[in-house]
Amino acid sequence: MSFRVPLRAKTVVLSGGVGGARFTWGLARFLPPEDLTVIVNVGDDFRHFGLYISPDLDTVCYTLADMEHPERGWGLAEETWHALEMVARLGGPTWFRLGDRDLGLHLERTRRLAQGQPLSRVVQDFCRALGVKPRVLPVTDDPLRTVVLTREHGPLPFQEYFVKHGTQPSVTGFHFQGAAAARPAPGVLDALHQADMVLLAPSNPWVSLNPILAVPGLREALRSATVVGVSPILGGKTVKGPAAKMYREMGIEPSALAVAHHYRDLLSGFVVDNQDAALAPLIEAELGIPVLITDTWMQPKPRREQVARSVWEFAYTLHFHMRKEPHPREGKVP
Ligand code: FO1
């Protein structure tokens, strides 16, 4: 009798906020934490009330700690809003909703950054304190800010576009302020060089993964890994957020095919939802890469593990079997 030992491969995820966080949570259910690193967008970061807010990093950390709000995906499940109610009473800005417990994290992060600690170090300490085992890295410790170019209001800082204007303005382009001078945070390039597989989470290609890929050295570091992307667009629509609207406003029909083209120089394989099965042969023909068709819907919560597992196993097969390199740790034991 024989049975297979669990498969292992160094896995890096590139992630934005809610979709990427849920996908990474699914991977964390079955991958040993030392095999999993998530590199997170910081283009959404901004200062508010003088505090340093890092929404995507916080969403990833709260989700991996099982503390996230189940419906919103951002912020904490158990939250109160007394501080914001007082701000409202005093006539201050309340368009960006900061809960009381969440505020505690922003206060402590801002204090540490003011002492000169780099963001990556602060994240590492917070993850340890919250019981998050996989490695969470901001793509850079340097300032990198997404600016959304809009028809109605001109350039808007990301959170003003996203929250204050509720993603309503029509998008004409994007600018990643500070990207050219940004250096990958400590550990980012090493993680990518050591990675067997890099998974592009089902995050917004324009404003979640493009800012990560805009950091000098990131694209080059992906060359040696097997890179598998997951479409955040299902049946022409996004599960959450404005990705489909952005494609349309940029003159591109939103679809899994458009997302595959978006990442075309990077991909070894691509994953589309069952409802986009008809696009798979087109993607395979136009990009010359294999496509996995599967259920990518990540609700309810246990679905995340199933989605993550199918994507990971597809990437594993591409990496170790199609490349014909047997994995040193893969095999049978008596
Ligand atoms: N998104 C909103 O739509 N409205 C909010 O008031 C809001 C507050 C907020 C506070 C902390 C935090 O970590 C995230 C927050 N988000 C909010 C989400 C945030 O805008 C993210 O950047 C987006 O989800 C894009 O990833």
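Helices and strands in this tour are DSSP runs, helices (H or I) of at least four residues and strands (E) of at least two, numbered from the N terminus. The model is a predicted one.

**Confidence**

Colour the chain by pLDDT. The mean for the protein is 95, and 95% of the residues reach 70 or more. Then select residues 326-334, where pLDDT stays under 50. For this stretch the model has 24 contacts beyond four places in sequence.

**Phe49 and its loop**

Select phenylalanine 49. The residue sits in the loop between β4 (46-48) and β5 (51-53). Its phi is positive, about 55°, although phenylalanine 49 is not a glycine.

**The seven-stranded sheet**

Show the strands β6, β3, β2, β10, β11, β14 and β15. In that order they make up an open sheet, and the pairing is parallel. Go to the edges next: β6 (135-138) and β15 (291-294) each have a single partner strand, so one side of each is left without a neighbour in the sheet. On average, neighbouring strands here are turned by 20° against each other, direction ignored.

Within this sheet, select β2 (residues 11-15) together with β10 (residues 197-200). The two run parallel and are joined by four bridges.

Helix α2 (residues 55-64) comes next; it lies across β2, β3 and β6 and runs at about 175° to β6.

**The ligand**

Select the ligand and the residues around it. There are 13 such residues, and those that come nearest are Asp44, Asp56, Phe96, Arg97 and Gln159.

- Aspartate 44 has a polar side-chain atom 3.1 Å from an oxygen atom of the ligand.
- Aspartate 56 has a side-chain N or O atom 2.8 Å from a ligand oxygen atom.
- Glutamine 159 places a side-chain N or O atom 2.8 Å from an oxygen atom of the ligand.

How much of the ligand's accessible area does the protein cover? On its own the ligand has 530 Å² of accessible area, and the protein covers 89% of this.

**The three-stranded sheet**

Move to β7, β8 and β9. They form an open sheet in the order β8-β7-β9, with antiparallel pairing. Which strands are at its edges? They are β8 (154-157) and β9 (171-177), each pairing on one side only. Neighbouring strands of this sheet are turned by 30° against each other on average, direction ignored.

Zoom in on β7 (residues 145-150) and β8, whose antiparallel pairing runs over four bridges. A hairpin of three residues connects β7 to β8. Along the pairing, valine 147 is opposite proline 157 in β8, and valine 148 is opposite leucine 156. In a regular strand, side chains alternate between the two faces of the sheet.

**A cis peptide bond**

Finish at glutamine 299 and proline 300. The peptide bond joining them is cis, with omega about -5°. Proline 300 lies in the loop between β15 and α13 (303-322).

Terms used: Residues numbered from 1 in each chain as written. Predicted model: local features only at pLDDT ≥ 70, side-chain atom pairs only at ≥ 80, totals over all residues. Heavy atoms only, no water. Pairing = 2+ DSSP bridges. Axes fitted to C-alpha atoms, helices over the stretch in contact; angles between N-to-C directions. pLDDT = per-residue confidence, 0-100. Contact = heavy atoms within 4.5 Å. Near = heavy atom within 4 Å. Polar contact = N/O pair within 3.5 Å; in protein donor to acceptor, adjacent residues only side chain to side chain. Areas by Shrake-Rupley, 256 points an atom, 1.4 Å probe, with all protein chains shown as cover.
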